[in-house]
Amino acid sequence: MLEDDDTFLPTPQDRLKADISDLRHRLNKAREEKQRLEREIMEERIGYIAATRFSEEIRDTTRYKASQMTQMQQQILEQWMAVSSARCVQEVVSYYRLTGRTTFQYQGNTGIRLETYYKAKYYEPYYLLLSNPASMEYNSISVAQHTIPYFIPLQEMVDTLLPHDMEALLRILHVFLLAYVSRREQVEELGVYCKERPSFVGISAERKAKDHIILAEKIVAEEGEDEDEDEDEKDSKKTKIRIELIYEDLTSEYPTKVKTSIPSSIQTPYDTKDIETKFQTLKLLDAYKTIFNA
């Protein structure tokens with residue numbers, strides 16, 4: 001018989017590994033799609049060049065008698081090629097965006113845009129401007145400007161990973177950003193859901209990183225209420241349960257520590273160990289609904 005009910009629960013490290021594995025899989029799929037689209041563009045251009053040169057070798061009298069028609073056809077073909085190329089480029093950009101990363105050129109330097117999203121919805125992007133030529137050769141690369149939040153250790157990552165492993169830096173940085181947006185949106189989501197709920201006392205997440213969250217819920221002693229009790233007596237049985245969530249790992253959207261405070265003077269149906277497990281393995285709103293039957 002198992003002594004610990006948490007034996008097979010995923011650890012924060014397991015979840016991080018799974019998230020990284022999923023991101024790598026999506027990145028590989030996007031790269032494959034990019035290569036396919038680039039081949040399509042190349043094949044279309046080769047076909048256009050071959051058709052143009054082949055037509056030049058054929059001496060057709062109607063061609064000379066209808067030069068205006070040929071020019072119109074040429075314009076139509078060029079327009080079609082431009083539209084087709086633009087469509088393929090747009091698809092490439094879309095697939096890059098699915099991986100959460102796009103690049104652009106700005107004043108001779110390379111810019112990188114990192115997308116953020118939560119529950120299939122895009123939120124604000126973050127930017128890096130690299131002080132290197134547009135060739136993207138990383139042997140002398142550095143970060144000239146950025147919009148990364150101050151609590152994410154960007155400089156430490158730069159010192160450790162650049163110039164030799166730009167790919168790793170972007171992957172890790174993206175994990176930090178996605179975790180931050182997830183924590184922030186979870187707080188907002190819970191606050192909106194519980195706004196009209198009488199038993200919900202409130203939620204506090206004043207730190208910008210959303211790495212220290214406190215929420216409180218009104219609870220009633222287990223012996224219940226007597227119909228003959230007045231309001232003061234009923235209120236005397238009510239107390240608050242305080243749940244403190246601490247995120248020591250800023251690459252995680254789940255807390256590394258959960259502290260639950262229930263007055264020892266009363267009996268409640270709530271188990272502190274169960275509360276801590278729920279909040280460490282579920283999103284805030286899902287954990288709240290599960291624990292308080294909301």
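**A few notes on the fold**

1. Let's start with a helix pair: the axes of α7 (residues 272-281) and α8 (residues 284-292) come within 8 Å of each other and cross at roughly 150 degrees. Angles over 145 degrees count as roughly antiparallel, so α7 is roughly antiparallel to α8. Please keep in mind as you read on that this is a predicted model.

2. The crossing of α7 past α8 is right-handed. On the α7 side, the residues that make the contact are I275, K278 and F279, and they meet L284, A287, Y288, T290 and I291 of α8. Sorted by class, this contact has six nonpolar residues, one polar residue and one charged residue.

3. Now to the strands. Four of them make an open sheet, with the order β1-β2-β5-β6 and antiparallel pairing. β1 (101-106) and β6 (143-146) are at the edges with a single partner strand each, so one side of each has no neighbour in the sheet. On average, neighbouring strands here are turned by 25 degrees against each other, direction ignored.

4. What links β5 and β6? Strand β5 (residues 126-130) pairs with β6 through three bridges, in the antiparallel sense.

Key
Residues are numbered from 1 along each chain as its sequence is written. This is a predicted model: local features need pLDDT of at least 70, side-chain atom pairs count only at pLDDT 80 or more; totals for chains, interfaces and linings use all residues. Side-chain values use heavy atoms; hydrogens and water are left out. Two strands pair if DSSP finds at least two bridges between them. Helices (H or I, at least four residues) and strands (E, at least two) are DSSP runs, numbered from the N terminus. Axes are lines fitted to C-alpha atoms, for helices over the stretch in contact, and angles run from 0 to 180 degrees between N-to-C directions. Angles under 35 degrees count as roughly parallel, over 145 as roughly antiparallel, 65 to 115 as roughly perpendicular and the rest as oblique. A crossing is left-handed if the near helix is turned anticlockwise from the far one by less than a right angle, and right-handed if clockwise. Contact means heavy atoms within 4.5 Å. Ala, Val, Leu, Ile, Met, Phe, Trp, Tyr, Cys and Pro count as nonpolar, Asp, Glu, Lys and Arg as charged, and the others, Gly among them, as polar.
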